[in-house]
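Please find below a colleague's note for someone meeting this structure for the first time. It is arranged as numbered points that can be read beside the model.

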Amino acid sequence: MRFSLLGDQGILAYLPNEAAAVAFAEQLRRANPPWLQDVVPAYASVGVFFNADLIESHAAVAWLTELASVSRDATIPVEAGHVSQRVTIPVCYEMAPDMARVCDHTGLSCEDVIRLHTGTMFTVYAVGFVPGFPYLGYLPAELCGIPRLPSPRVRVEPGRVAITGRQTAIYPLPSPGGWNLIGRTPLTIVDVADGFFPLRVGDAVRFERIDETCYREQLGERLASPVARLESPARQPE
């Protein structure tokens, strides 16, 4: 693990891979030293933000180095189940304006695309672009490599489920977007005014197929995510 400074109140930790970054971020949240202000994991790095009145950057780096040392044996990859939450998100794949494009590019049928998408457990590896936008990886090989649209849409409605490259995502708010839209969830996954952001890095997400009738019945409901957290964190540095 290596570190670089982000100004006088932040440190960026570089991890070997995404699973290690998620595990280290979870370990740091649990340790929760009094100087810690925020932890922002994204793929193979973790941003650590601290109160400079309570600790100096060199001391924070030393503390993080010790944390990495004592927790190394307890770091378990995301694939093994050490995630913050496991959630299922319903998706109506009949609302898929770019499904034909995806099928043309992959050579798969619509049913094959849906089967592969719903049959994969994805991990939230980053949140950004717009508030609450979850970058989910990774797509099965058969769905990888589909490029973004030649011209992004000016507006993508909230709830649209999309894919590109090796990733899938959910547009939580109205925004421009160039990913391929293959479905839509009726659930609200972000409410900025109410501070509702149920998905975070490290969560495991599976998509479940529903029809248009179920979509209408569930439209506007909030994502409810049962939490499954680890019970025995490793010893923390004092």
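This is a predicted model: local features need pLDDT of at least 70, side-chain atom pairs count only at pLDDT 80 or more; totals for chains, interfaces and linings use all residues.

1. Residues are numbered from 1 along each chain as its sequence is written, and side-chain values use heavy atoms, with hydrogens and water left out.

2. How many disulfides does the structure hold? There are zero, where a disulfide is taken as a pair of cysteine sulfur atoms within 2.5 Å. Cys110 takes part in no disulfide, and the nearest cysteine sulfur, which belongs to Cys103, is 5.4 Å away. Cys110 has a relative accessible area of 31% and is partly exposed (buried means under 20% relative accessible area, exposed over 50%, and partly exposed in between, with a 1.4 Å probe and protein chains only).

3. Across the whole structure, a search finds nine salt bridges, each being a side-chain nitrogen of Lys or Arg within 4 Å of a carboxyl oxygen of Asp or Glu. One of them joins Arg30 to Glu26, with the closest N and O atoms 3.3 Å apart. Both residues lie in helix H1 (residues 18-31), four residues apart, which is about one turn of the helix; helices (H or I, at least four residues) and strands (E, at least two) are DSSP runs, numbered from the N terminus. Glu26 is buried, at 13% relative accessible area, whereas Arg30 is partly exposed, at 24%. Glu26 and Arg30 also belong to a network of salt bridges that links them with Arg29 and Arg200.

4. A salt bridge is also formed by the side chains of Arg209 and Glu111, at 2.9 Å from N to O. Because Arg209 lies in strand S13 (residues 204-210) and Glu111 in helix H4 (residues 110-118), the pair ties together parts that are 98 residues apart in sequence. Arg209 is partly exposed at 43% relative accessibility, and Glu111 is partly exposed at 45%.

5. The side chains of Arg222 and Asp194 meet in a salt bridge as well, at 2.7 Å from N to O. This pair links distant parts of the chain, 28 residues apart, with Arg222 in the segment after helix H5 (212-218) and Asp194 in the loop between strand S12 (180-184) and S13. Arg222 has a relative accessible area of 37% and is partly exposed.

6. Which residues gather in a patch of negative charge on the surface? They are Glu94, Asp211, Glu212 and Glu217, and a patch of this kind is made of residues with over 30% relative accessible area and no salt bridge, like charges being joined within 9 Å. Glu217 lies in helix H5 and, at 58% relative accessibility, counts as exposed.

7. Cys144, in the loop between strand S7 (134-137) and strand S8 (153-156), is partly exposed at 26% relative accessibility. Cys144 and His105 are 39 residues apart in sequence and 10.0 Å apart in space, C-alpha to C-alpha. Thr185 is found in the loop between S12 and S13 and is buried, at 2% relative accessibility. From Thr185 to Gly159 the separation is 26 residues in sequence and 4.9 Å in space, C-alpha to C-alpha.

Notes: Patches are made of residues with over 30% relative accessible area and no salt bridge: like charges are joined within 9 Å, nonpolar side chains (Val, Leu, Ile, Met, Phe, Trp, Tyr) within 5 Å. Accessible areas come from the Shrake-Rupley method with a 1.4 Å probe; for residues, only the protein chains shown count as cover. Lys and Arg count as positive and Asp and Glu as negative; His and the chain ends are not counted. The place of a charge is taken as NZ of Lys, CZ of Arg, CG of Asp or CD of Glu.
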